[in-house]
Amino acid sequence: LKGNPIITDADLLAMAMPKRAASTHTPVPVPATFPMASVDIGTIRQLTVHFTDSASGKRGRPHGVGGVVVRWGIFEQAPTSVQMLPNTALDTKTPFTLTFSDDERHKTAYLCLAWQNTRGQMGPWSEIISAVIP
């Protein structure tokens, strides 16, 4: 009953239940930094993307961040904007792995990453990086 917004504190007291505690939650900020990525090409048909925070250099996500959004695509020429990358994925833990088919080997994949907080708000995008699919 305490979680039901229809029930008021007065209703809880009338049912001999303690009233709700004051909220101590602070709003989750929109990420101000971006993830920096390095790509491991050691496994055939796979790109393993390791990411760190651009501000701290630490592996993993900053406080309040729910995950990293990865935009990627395979092109012959480098894309000029994030919006040109057709594929999107969300990952919550480094590393992120992309798996490709045999006919995609030796082509160039382009990637760009951004932090997303636990409320779905995006931070700034990283630079677009590239890697040849092994």
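Student: In which loop is the place of Val82, and between which strands does that loop run?

Tutor: Val82 sits in the loop that runs from strand S3 to strand S4. S3 covers residues 65–74, and S4 covers 87–91. Strands here are DSSP runs of E with at least two residues, helices are runs of H or I with at least four, and both are numbered from the N terminus.

A word on the ground rules. This is a predicted model, in which local features need pLDDT of at least 70, side-chain atom pairs count only at pLDDT 80 or more, and totals for chains, interfaces and linings use all residues. Residues are numbered from 1 along each chain as its sequence is written, and side-chain values use heavy atoms, with hydrogens and water left out.

Back to Val82. Its relative accessible area is 11%, so Val82 counts as buried. Buried means under 20%, exposed means over 50%, and partly exposed lies in between, with a 1.4 Å probe and protein chains only. What touches Val82, leaving aside neighbours within four places in sequence? Its contacts are Arg71, Cys112, Trp125 and Ile128. Contact means heavy atoms within 4.5 Å. Gly3 lies 79 residues from Val82 along the chain, and their C-alpha atoms are 41 Å apart.

Of its 10 residues, 8 are buried, so S6 is largely enclosed by the rest of the structure. S6 has several partners. Strands pair if DSSP finds at least two bridges between them.

- S3 and S6 run antiparallel and are joined by 9 bridges. In this pairing, Val70 stands opposite Leu113.
- S8, residues 129–132, is antiparallel to S6 and joined to it by 4 bridges. There, Tyr110 faces Ser130.
- S7, residues 122–125, pairs with S6 over 2 bridges, again in the antiparallel sense. Ala114 has Trp125 as its bridge partner in S7. Trp125 is also one of the contacts of Val82.

S6 and S7 form a hairpin with 4 residues between the strands. Gly120 takes a positive phi near 90° in this hairpin.

Look next at Asn117, which lies in S6. Asn117 counts as buried because its relative accessibility is 3%. Its side chain meets that of Gln121 in a polar contact of 2.8 Å. A polar contact is a pair of N or O atoms within 3.5 Å; within protein, one must be able to donate a hydrogen and the other to accept it, and residues adjacent in sequence count only if both atoms are side-chain atoms. Asn117 also touches residues beyond four places in sequence, among them Val28, Pro29, Val30 and Pro31.

Asp102 is exposed, because its relative accessible area is 53%. Its side chain forms a salt bridge with that of Arg45, at 3.2 Å from N to O. A salt bridge is a side-chain nitrogen of Lys or Arg within 4 Å of a carboxyl oxygen of Asp or Glu. The structure holds 1 such bridge.

Arg45 lies in the loop between S1 and S2. At 30% relative accessibility, Arg45 counts as partly exposed. Its phi is positive, about 65°, although Arg45 is not a glycine.

S1 and S2 are joined by 6 bridges. Asp40 stands opposite Thr48 in S2.

Between S4 and S5 lies Pro95. A cis peptide bond joins Thr94 to Pro95, with omega about 0°. Ala16 is found between helix H1 (9–14) and S1. Its phi is near 60°, a positive value in a residue other than glycine. Ala16 counts as exposed because its relative accessibility is 70%.
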